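Subject: Structure handover

Hello,

Here is the structure you asked to look at. My notes on what was found in it follow below.

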Amino acid sequence: MLTYKTLLKTSCAALCLLLLCGNTTFAQKKEKIQMKPTDGKVSSSVRSQAYYYPEFQKGKVTFISGVTSTGTLNYNMLTGEVEFINPDKDTLALDNMYTVNMITIAKDTFYYDTDSNYLLKLVDEVKGKKLLVKEKYTLSNVKNVGAMGMESNTVSPTSTTNTDFRNTQNKLKPNESLVYSAKTYYYLGTQSEYMPVTKNNVLKLFPAHSETLKEYMKENKLTLNNEEEIKKVFQYASSL
C-alpha cells in the first residue's frame with residue numbers, strides 16, 4: 001500500500017507527463033524503463049512511467065458473478081496489475097483476478113487470461129471471436145555500474161526475457177540496475193479461451209474455413225508478425 005505522501009508524488013509525476021502530452025488520456029508507453037534497487041518497492045518516478053495511462057481513469061470491474069464495481073483505475077505494465085485509488089487515497093492493486101470477467105478503463109476493454117496471468121486488451125471482436133493484445137514490460141537486461149560510473153551488461157537479454165518483475169527486485173546488488181523493455185503479444189479468444197496468435201491457432205479458431213485461410217495467408221504472404229497482418233487475417237476470417 002502506498003502512503004498518501006507517496007501518492008502525491010506519483011500524482012505530480014503523472015501531472016507533468018500530462019502537460020507534456022497535451023492533457024491526452026490516451027495510453028502511454030515508454031520503450032524502456034531502467035530502475036535501481038529499492039528494497040522491493042517501486043519509486044514514484046518509475047511507477048509513473050510504468051502506468052498504461054498518464055493518469056488514473058474512470059473504470060468498471062465486472063466479476064464473473066455479475067457483480068460490478070466502479071472506481072478510478074490504471075494498468076501497471078511493470079507488475080501486470082490493475083491498480084485503483086481507494087477512498088483513503090491509497091493506491092492498491094486488484095486481488096483475485098481470476099474472479100474478474102471484464103475491466104473497462106476509459107474507452108478500453110480488458111479481459112484477464114488466467115493461463116498467462118495477464119491482462120489482455122480487446123483490439124477487435126466479431127461474432128464472438130476476439131483479437132486481443134497483451135502489453136507489458138519484460139526484463140531485457142541487467143546493468144552493472146563499475147569504475148568511473150561506467151555501465152556494462154551483466155546478463156544477456158535472451159536469458160532474462162521470462163523473468164518476472166516481482167521475482168527480481170530483492171535479488172539486485174547495490175551496483176546493479178534493471179532494464180525493462182515494452183513487449184507486445186497478440187492473442188485470439190472466445191468466451192472461455194485465449195491463445196497466442198499463430199497460424200495454427202487462427203485455423204483452430206475458424207475450423208470451418210481452415211483451407212480458405214491457408215490459401216489466403218499463402219497468397220498474401222502473411223506471417224502474422226505485426227498487428228497490421230494479424231488484423232487483416234482476423235477481419236478476413238470473421239467475414240467468411
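Phe56 has a relative accessible area of 18%, so Phe56 counts as buried, because the cut-off for buried is under 20%. Please keep in mind that the model is predicted. Tyr51 is buried as well, with a relative accessible area of 3%.

In total, the structure holds 8 aromatic pairs. Tyr51 and Phe56 form one that is edge-to-face, with 5.1 Å centre to centre and 75° between the planes. Another one is made by Phe206 and Phe234: their ring centres are 6.3 Å apart and the planes are at 70°, so this pair is edge-to-face too. The Phe206 and Phe234 pair links distant parts of the chain. Phe206 is in the loop between α3 (199-205) and α4 (210-219), Phe234 is in helix α5 (residues 227-239), and the two are 28 residues apart. Are Phe206 and Phe234 buried or exposed? Both are buried.

There is also an aromatic cluster, which is formed by Tyr52, Tyr53, Tyr75 and Phe110.

Two lysines lie over tyrosine rings. For Lys130, the charged end sits over the ring of Tyr111, at 5.0 Å from the ring centre. For Lys134, the ring is that of Tyr185: Lys134 lies over its face, 5.1 Å from the centre.

Next, a charged residue in a helix. Arg47 is part of helix α2 (residues 44-50). Why does Arg47 count as buried? Its relative accessibility is 12%, and buried means under 20%. Arg47 is also 9.4 Å from Met77 in space, C-alpha to C-alpha, while the two are 30 residues apart in sequence.

Last, the strands. Strand β1 (residues 32-35) has two faces, one covered and one uncovered. Which residues make up each face? Ile33 and Met35 are on the covered face, and Lys32 and Gln34 are on the uncovered one. β1 runs antiparallel to strand β11 (residues 176-189), and 4 bridges join the two. Gln34, from the uncovered face of β1, has Val179 in β11 as its bridge partner.

After that, find Gln34 and follow its bridge across to Val179 in β11.

Regards

Technical notes. Residues are numbered from 1 along each chain as its sequence is written. This is a predicted model: local features need pLDDT of at least 70, side-chain atom pairs count only at pLDDT 80 or more; totals for chains, interfaces and linings use all residues. Side-chain values use heavy atoms; hydrogens and water are left out. Buried means under 20% relative accessible area, exposed over 50%, partly exposed in between (1.4 Å probe, protein chains only). Rings of Phe, Tyr and Trp (its six-membered ring) pair if their centres lie within 6.5 Å; planes under 30 degrees apart count as stacked, over 60 as edge-to-face and the rest as tilted. A charge sits over a ring if NZ of Lys or CZ of Arg is within 6 Å of the ring centre and within 35 degrees of the ring normal. Two strands pair if DSSP finds at least two bridges between them.
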